[in-house]
Amino acid sequence: MSTLMRGARATVHRVLDDTLSVGDALHSTVGQRLVELGFVQGAEVEVVESMWPFGDPLAVRVRGSTFALRRGEAAAVMVVPANGAG
Amino acid sequence: MDAANRALADLRIALVGVPNCGKTALFNRLTGSHQKVANYPGVTIERKEGQFHNRAGRRFAVVDLPGTYSFTPASLDEAITRDVVLGRIAGEPQPDVIVCVADATHMPLSLRLILDLQRLGRPMIVALNRSDIAKRRGFTLDVAKLADKLGVPIVETVAIAPGGTDQLIEALGTFEAAAVLHDAVPAVDGAAHAIAAPDRAEVERTQQLVPRLLAEVGYGEPLRARAAARADAILMHPFGGMLVLGTVLFFVFQAVFSWAAVPMGLIEAGVGAIGTWVSGALPDNALRSLLVDGIIAGVGSVLVFLPQILILFFFILALEDSGYLPRAAYLLDKLMGSVGLSGRAFIPLLSSFACAIPGIMAARTIPSVRDRLVTIMIAPLMTCSARLPVYALLIGAFIPAAAAGPFNLQGLVLFALYAAGVLSALGVAWFMKHFAGKQNHHPLMLELPDYQWPDPRSLLVGLWDRARIFLRRVGGVILSLMIILWFLSSYPAPPPDATGPAIEYSFAGMLGGALHTIFAPIGFNWQISIALVPGLAAREVAIGALGTVYAMSATEGALETAIMPVIASGWSLATGLSLLAWYVFAPQCLPTLAVVKRETNSWRYPLIMAGYLFALAYLASFITYRVALALTT
């Protein structure tokens with residue numbers, strides 16, 4: 001998902017098991033938190049804004065909510081672009 | 001206790017919900033001003049409790065728990081919510097009923113949390129909040145059908161309208177209080193933990209269930225409002241958004257300094273009048289000196305910042321409520337990321353311009369422990385309002401009010417001092433990123449909520465909270481420090497044949513004399529060295545102390561003007577500039593260090609903070625003094 005441009009839509013294929021901790025060792029992992037926020041297989045996503053340069057961070061809309069994600073987090077979400085390209 | 005009594009006994013309820021679901025507005029609507037803010041035992045997460053009565057006179061105690069997306073916590077805040085709901089915090093009784101606040105305009109996130117909560121098997125009710133907005137935007141759902149499917153009572157609420165919580169209060173009346181308070185389980189017990197923290201596969205399963213459930217009750221996925229999309233296109237634009245943010249911040253700072261002038265003058269005059277009145281009413285003895293010089297002058301000199309703090313927090317609360325602040329964090333994330341900070345650090349650092357203490361406390365919402373620590377460590381480098389009077393005095397004394405191009409030279413110097421603080425904060429963060437502890441990934445994962453008009457009621461309650469916290473601090477830590485410092489500055493009394501000011505012969509004077517050896521290389525005379533000692537309590541007290549040292553017996557208000565010519569003629573320009581540079585870092589603020597100790601639960605970080613601030617202050621003053629000396633002689 002980190003390579004999507006502003007305005008692009010896609011469908012989530014799967015979320016990688018990003019085991020990096022959100023906080024310290026006791027805390028949730030990035031992968032699990034992404035799933036909790038709604039990035040699950042079949043969910044439609046839209047990149048509504050992205051920051052200059054390199055589109056980092058980006059604002060992604062999923063299931064009616066918008067989240068600011070860094071590219072590192074977005075990269076854990078594998079997507080199939082809506083128009084079949086890129 | 002029999003059933004009839006249990007149905008009337010006090011009921012403990014806890015509000016749980018995802019962030020930005022309007023939970024705090026609901027809490028404010030339910031409890032009004034009957035709230036108290038304290039800390040959970042052992043940790044420093046703010047614990048907000050309030051109470052209300054229903055028409056039958058039954059009392060409800062409400063706890064407003066920090067917003068959370070799940071029971072697998074990602075921050076200190078979220079961990080508290082889980083532990084309170086599970087009754088895992090010693091001394092904190094487990095709530096009888098969980099009120100899960102769902103955002104009717106963002107059901108998918110809320111519904112997932114409801115499913116998570118249901119696994120706990122606790123008595124629960126769902127408050128479908130913002131149901132008015134949801135209806136207006138056309139995403140309604142069959143409330144009865146959803147309640148039936150979930151097996152949980154659901155009521156609609158509108159937190160921002162009078163009477164918007166009537167249904168909820170009525171429904172809560174039917175719950176019974178638990179017969180016996182559950183004893184808190186201090187350690188994590190295996191079974192409860194397994195229930196509390198569903199694994200990834202379980203989360204995926206509930207997430208697949210959410211859209212199916214919502215489709216069955218007729219809830220369509222909310223579309224993005226066109227106005228919001230247009231606003232985002234401007235406010236989150238890489239260039240335009242930055243421009244707007246700069247303008248907003250500029251306006252906020254203008255307001256903080258210009259709007260606060262009148263109330264600050266009134267407080268100063270009031271404190272001065274009380275001091276004069278007490279002086280006249282009491283004989284000249286130690287008690288009068290303690291009351292007037294120690295308590296009234298000391299507390300007054302801190303109290304005077306209340307207007308600035310309230311104005312800054314008014315803007316912070318309003319911007320936060322409107323949904324703008326997370327977007328500012330988004331805009332600044334890359335910039336702050338380049339020095340190893342998260343965009344989330346923006347909000348605590350902004351608060352630190354009023355006072356580092358609320359800023360340091362606001363850092364709790366930062367999930368990464370390391371990011372949080374770095375944010376805490378650099379918070380004192382944001383020029384707090386306490387430094388302003390010191391700046392104002394020194395700039396007035398040493399910088400001519402000449403024009404520098406279209407700008408005023410004094411104003412430019414003030415701006416440069418603020419900029420120096422921010423730049424050195426970025427430098428310190430960068431240093432910590434490269435030399436102290438590595439973490440190559442800093443998650444942002446920040447929700448950008450819908451724009452909304454700030455709720456005036458919540459704004460008022462929030463400001464009242466801030467005022468109360470500040471006043472309690474003034475009454476507690478600062479008052480006791482003032483008394484200690486007054487003692488140190490007054491005893492031992494000067495000998496009868498003393499020629500200098502009394503403070504010179506006191507413990508503070510001795511300490512200042514000893515400190516002078518340290519501070520002589522950076523151009524501070526012994527008077528400044530002494531004044532820095534009482535400045536430990538609160539930075540601005542140093543001005544009052546300078547006044548005392550120079551045997552000024554004027555009231556606060558007159559002091560600033562009276563002392564200005566004395567130091568303007570008595571100190572060299574190099575000394576004045578050196579003291580200005582010192583105050584950019586100003587390591588001497590005991591209340592800040594005390595809060596850092598509390599927030600980090602260790603002496604390590606306050607000591608490191610005091611050490612590095614002192615080193616930087618000394619270095620900056622040394623360079624400033626030597627360069628200025630070389631240029632002026």
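Visitor: Why is B:Asn20 called partly exposed?

Guide: Its relative accessibility is 38%. Buried means under 20% relative accessible area, exposed means over 50%, and partly exposed is what lies in between, with a 1.4 Å probe and protein chains only. At 38%, B:Asn20 therefore counts as partly exposed. Before we go on: this is a predicted model, where local features need pLDDT of at least 70, side-chain atom pairs count only at pLDDT 80 or more, and totals for chains, interfaces and linings use all residues, while side-chain values use heavy atoms, leaving out hydrogens and water. As for labels, residues are numbered from 1 along each chain as its sequence is written, with chains lettered from A and ligands numbered from 1 in the order in which they are written.

Visitor: Where is B:Asn20 in chain B?

Guide: B:Asn20 sits in the loop between strand E1 (11–17) and helix H2 (23–31) of chain B. Helices (H or I, at least four residues) and strands (E, at least two) are DSSP runs, numbered from the N terminus. B:Asn20 also has a positive phi of about 65 degrees, although it is not a glycine.

Visitor: And what makes B:Met445 count as buried?

Guide: Its relative accessible area is 7%, so it falls under the cut-off for buried. B:Met445 is in the loop between helix H20 (409–435) and strand E10 (446–447) of chain B. Like any residue here, it has a phi to look at: about 40 degrees, positive, although B:Met445 is not a glycine.

Visitor: Back to B:Asn20. Which residues is B:Arg130 in contact with, leaving aside its neighbours within four places in sequence?

Guide: B:Asn20 is one of them, along with B:Cys21, B:Gly22, B:Asp103, B:Ala104, B:Thr105, B:Thr157 and B:Gln452. Contact means heavy atoms within 4.5 Å. B:Arg130 lies in the loop between strand E6 (124–129) and helix H5 (131–137) of chain B, and at 16% relative accessibility it counts as buried.

Visitor: What joins the side chains of B:Arg130 and B:Asp103?

Guide: A polar contact of 2.9 Å. The term needs a pair of N or O atoms within 3.5 Å; within protein, one must be able to donate a hydrogen and the other to accept it, and residues adjacent in sequence count only if both atoms are side-chain atoms. At 2.9 Å, the pair is within that limit.

Visitor: Which side chain does the side chain of B:Thr72 make a polar contact with?

Guide: The side chain of A:Gln32, at 3.3 Å. B:Thr72 is in the loop between strand E4 (59–64) and helix H3 (76–85) of chain B, and it counts as buried at 12% relative accessibility. On the chain A side, A:Gln32 is among the buried residues of H1(A).

Visitor: What makes helix H1 (residues 30–37) of chain A largely enclosed?

Guide: Eight of its eight residues are buried, so the rest of the structure largely encloses it. Following H1(A) comes A:Gly38, with a positive phi near 120 degrees.

Visitor: How many helices and strands does chain A have?

Guide: Two helices and five strands, in the order β-α-β-β-β-α-β along the sequence. Buried residues make up 60% of its 86 residues.

Visitor: Why is B:Arg372 called buried?

Guide: It has 11% relative accessibility, so it counts as buried. B:Arg372 belongs to helix H18 (residues 369–378) of chain B. Beyond its neighbours within four places in sequence, its contacts are B:Leu76, B:Ala363, B:Arg364, B:Ile366 and B:Glu599.

Visitor: How do you know that B:Gly50 is buried?

Guide: Its relative accessible area is 4%, again under 20%. B:Gly50 lies in strand E3 (residues 46–53) of chain B. From B:Gly50 to B:Gly32 it is 18 residues in sequence and 8.2 Å in space, C-alpha to C-alpha.
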